[in-house]
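Subject: Handover of a structure, with notes

Dear colleague,

I am passing on the structure that we spoke of handing over. Please look at it first, and then read the notes set out below it.

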Amino acid sequence: MSVKADADRLDKYLADNLTLSRSHIKNAITAGDVCVNDAPAKPSDKLKAGDVITVRLPAPSAPKAVPEDIPIDIVYEDEWMAVINKPQGMVVHPAAGNQYGTLVSALLYHITDLSGINGQLRPGIVHRLDKETSGLLVVAKNDAAHVSLAEQIAQKTARRIYAAIVHGNIREDALQINKPIGRSRRDRKKMAVDAGGRSAVTHIRVLERFGAYTYIEAELETGRTHQIRVHLSSIQRPVAGDKAYGPKDVKLHGGGQLLHAKTLMLCHPDTGAQMVFHAPLPTYFANILDSLRAAHRQ
């Protein structure tokens, strides 16, 4: 690869010109798999016009799901399904960059049977939660259960209700956000409100107001990727702690976003019985809420 004009750092240049992540490239440079003008290089090396870069990048390993003895909170389990209270910071299924420590790895260790409809990387996974979102999700233990549960979500008979703390004051006691969502045209890792996207509806109900923040309940009518986060950001009320769709200088909570899937309502895939599950707010979430209440009373 020949550099046509003066450029910035080597790792950035390669990341801009190869379909590999910057961290993958940096590791390859450090391992000696990248040379500039036949000499060993460093990630921070500056490039000049005419420099010749030699790259020997090993193909990234394909993600795979392997059982891991990771503690998980199984709220309910029978021979048809399980309901899990996922902690904040856990990825649901393996993907590039997140092969280990996933919920799927924990499920493979703790649960004997899982549906195979979604393949080997997503066994049992009917719907997902973002890495930094905590709370309830249902897992199918056979294919018939998977079909039933997926149909309930698609037909909107299953209900998923979230708790969130958002920036700013929502004046309405309740509102509906009805805006289509699609892949962001500026950043392909993110989603955005887009007229050409898929329809998306979120119902918002205010629980408490604290001036600079509002404690809300959000119910999904549809299930688009990042739906609640994108919809709230679109009305300038992003989820607190959301580093992708909210302000960068997060002061309220230094960890992940304050978004928790607190209630899940569905019909049992075998008996048809109505089932309701609740997950209490995580300790960090409840503590922040208490702090906001105390500060607001003063």
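Predicted model: local features only at pLDDT ≥ 70, side-chain atom pairs only at ≥ 80, totals over all residues.

Residues are numbered from 1 along each chain as its sequence is written, and side-chain values use heavy atoms, with hydrogens and water left out.

The chain holds six helices and 16 strands, where helices (H or I, at least four residues) and strands (E, at least two) are DSSP runs numbered from the N terminus. Its C-alpha atoms fill a box of roughly 70 × 50 × 40 Å along the principal axes. Of the 298 residues, 44% count as buried, a term that stands for under 20% relative accessible area with a 1.4 Å probe and protein chains only. Among contacts (heavy atoms within 4.5 Å) between residues at least 6 apart in sequence, 64% join residues at least 24 apart.

Helix α4 covers residues 143-154, and its twelve residues reach 16 Å from the first C-alpha to the last, close to the 16 Å expected at 1.5 Å a residue; the expected span is 1.5 Å times one less than the number of residues. At the start of α4, a side-chain oxygen of N142 comes to within 3.2 Å of the backbone nitrogen of A144, and just after the helix K156 takes a positive phi of about 65°. The buried residues in α4 are A145, H146, S148, L149, Q152 and I153, and what covers them includes β7 (81-86), β8 (134-140), β9 (159-167) and β15 (259-267).

Turning to the histidines, H268 sits in the loop between β15 and β16 (274-278), and it is buried, with a relative accessible area of 8%. The side chains of H268 and D78 are joined by a polar contact of 2.6 Å, that is, a pair of N or O atoms within 3.5 Å, where within protein one must be able to donate a hydrogen and the other to accept it, and residues adjacent in sequence count only if both atoms are side-chain atoms. Not counting residues up to four places away in sequence, H268 touches Y76, D78, W80, M81, A273 and M275.

H226 is placed in the loop between β14 (213-220) and α5 (227-234), and at 18% relative accessibility H226 counts as buried. Leaving aside neighbours within four places in sequence, H226 is in contact with D130, K189, M191 and Y245.

Conventions. Buried < 20%, exposed > 50% of the residue type's maximum accessible area, 1.4 Å probe, protein only.
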